[in-house]
Amino acid sequence: MKKPSLILVVLVLVLVACGGKKSADNNVDNKKVTLAPADIFNKDAVSDFIKKVDKQSQQEAKRIFLTGVDQYRNRKQLDSAIVSFKSSICVFPFAKTYYELGNVCMDKNDLKTSIDAYKMAETLEYEPISLVLYNLSCAYSKSENSEQSLKYLQLSIENGYTNLEHIMSDSDLVFVRKDVAFNETVKT
């Protein structure tokens, strides 16, 4: 009788010991934290998320970002690039990734997403900020919103955008150049 009860006691002790400790292999403990795709344009969610992410996730995000850049710039695979940039943002939201997402969405004429991405790049302090502001002006012009386009054009110039020739010839600014306030904004 003593042997079966001893085996039972040993089994119970093993189960308690294993269940009481958190193992490094435990999926709950090692679950990778990612930003929900629905939250990538939510400033508060992104800010909170950045505080929780480790260096390893940042490296993974950079790897995915570079894949997206290759798809966008070299292979001209815009849809794949968008998926890669959004995936990278979910792993770690870098300002540069948002900026490139804004660029590819502009090329696809997805102006709402482009504006959202540029605004997040601005929030995360992309450098040089003048490029983000200029691209916001272009996106708003393409959206036929002169007021916002002029606002961001003025901000881009105030923050160092100096390519007047490009401003005067950029096809993205065709709509806003028709606004009577355009010349005054550029002169100022």
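Student: Why is D70 called partly exposed in this structure?

Tutor: In this predicted model, D70 has a relative accessibility of 24%, and because partly exposed covers the range between under 20% for buried and over 50% for exposed, D70 counts as partly exposed.

Student: What makes D70 and R75 a salt bridge?

Tutor: The side chains of D70 and R75 meet with N to O at 2.5 Å, and since a salt bridge needs a side-chain nitrogen of Lys or Arg within 4 Å of a carboxyl oxygen of Asp or Glu, the pair is called a salt bridge. R75 itself counts as exposed, because its relative accessibility is 53% and the cut-off for exposed is over 50%.

Student: How do you know that D116 forms a salt bridge with K112?

Tutor: The closest N and O atoms of D116 and K112 are 2.8 Å apart, which is to be set against the limit of within 4 Å, so the pair is counted as a salt bridge. The two residues are four residues apart in helix α7, and therefore about one helical turn separates them. D116 is partly exposed, with a relative accessible area of 22%, whereas K112 is exposed at 58%.

Student: Why is S130 called buried?

Tutor: S130, which lies in helix α8 (residues 129-142), has a relative accessible area of 7%, and because buried means under 20%, S130 is called buried. Leaving aside residues up to four places away in sequence, S130 touches S156, N159, G160 and Y161.

Note on methods. Residues numbered from 1 in each chain as written. Predicted model: local features only at pLDDT ≥ 70, side-chain atom pairs only at ≥ 80, totals over all residues. Heavy atoms only, no water. Buried < 20%, exposed > 50% of the residue type's maximum accessible area, 1.4 Å probe, protein only. Contact = heavy atoms within 4.5 Å.
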